[in-house]
Amino acid sequence: GSAALDEITAALNRERPITLFVDSRDAVSVAPKVRVDWTRFFSSNRSNLLAVHVLASSKAVHLSVAVAQHFSDTGNLIRLYSTPAVNFSMAVSTRS
């Protein structure tokens with residue numbers, strides 16, 4: 001569904017730009033419609049996002065986010081991580 005994007009949009013209505021952290025390590029796949037929605041969201045909101053950090057344990061989710069990154073034409077806005085103990089955790093702790 002669109003619950004996550006709705007929540008992020010509400011946050012952007014309160015404050016912008018923001019840094020977004022997405023912990024998707026429990027996800028095993030991404031529905032094509034969801035990938036398209038996120039791609040569209042990243043593309044239309046890139047000026048409102050300082051950075052997007054995505055933790056993806058599944059290769060399928062990692063690939064889906066990489067595809068969304070490419071087709072949203074957002075360059076290095078989206079940063080993908082596969083291990084929470086390394087860079088993702090450091091990125092979260094520097095924003096706290």
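## Phe42 and its contacts

Beyond its neighbours within four places in sequence, Phe42 is in contact (heavy atoms within 4.5 Å) with Leu49, Val52, Ala68, Ser72, Thr74 and Ile78. This is a predicted model: local features need pLDDT of at least 70, side-chain atom pairs count only at pLDDT 80 or more, and totals for chains, interfaces and linings use all residues. Residues are numbered from 1 along each chain as its sequence is written, and side-chain values use heavy atoms, with hydrogens and water left out.

## The overall plan

The protein has four helices and three strands. Helices (H or I, at least four residues) and strands (E, at least two) are DSSP runs, numbered from the N terminus. Along the sequence the pattern is α-β-α-β-α-β-α.

Of the 96 residues, 35% are buried. Buried means under 20% relative accessible area, exposed over 50%, and partly exposed in between (1.4 Å probe, protein chains only). Among contacts between residues at least 6 apart in sequence, 82% join residues at least 24 apart.

## The core

The largest nonpolar core has 17 residues. Such a core is a set of buried Ala, Val, Leu, Ile, Met, Phe, Trp, Tyr and Cys residues joined through side-chain atoms within 4.5 Å. Ile8, Phe41, Phe42, Leu49 and Val52 touch the most other members. Helix H1 (3-14), strand S1 (18-23), H2, S2 and H3 each supply at least two residues of this core.

## Strand S2

S2 is largely enclosed by the rest of the structure, because six of its seven residues are buried. S1 and S2 run parallel, joined by six bridges. Ile18 has Leu49 as its bridge partner in S2.

## Helix H3

H3 covers residues 59-72, 14 residues in all. From first C-alpha to last it reaches 20 Å, close to the 20 Å expected at 1.5 Å a residue. That expected span is 1.5 Å times one less than the number of residues. Val61, Ser64, Val65, Ala68, Gln69 and Ser72 are buried in H3. They cover an arc of only 140 degrees around the axis, so they lie on the same side of H3. The arc is that of the directions from the helix axis to the C-beta atoms. Their cover includes helix H2 (32-45), strand S2 (49-55) and strand S3 (78-81). The face turned away from the buried side carries the exposed residues Lys59, Leu63, His70 and Phe71.

What happens at the ends of H3? Ser58 caps the N-terminal end, with a side-chain oxygen 3.1 Å from the backbone nitrogen of Ala60. Just after H3, Asp73 takes a positive phi of about 55 degrees.

Definitions and conventions
Polar contact = N/O pair within 3.5 Å; in protein donor to acceptor, adjacent residues only side chain to side chain. Pairing = 2+ DSSP bridges.
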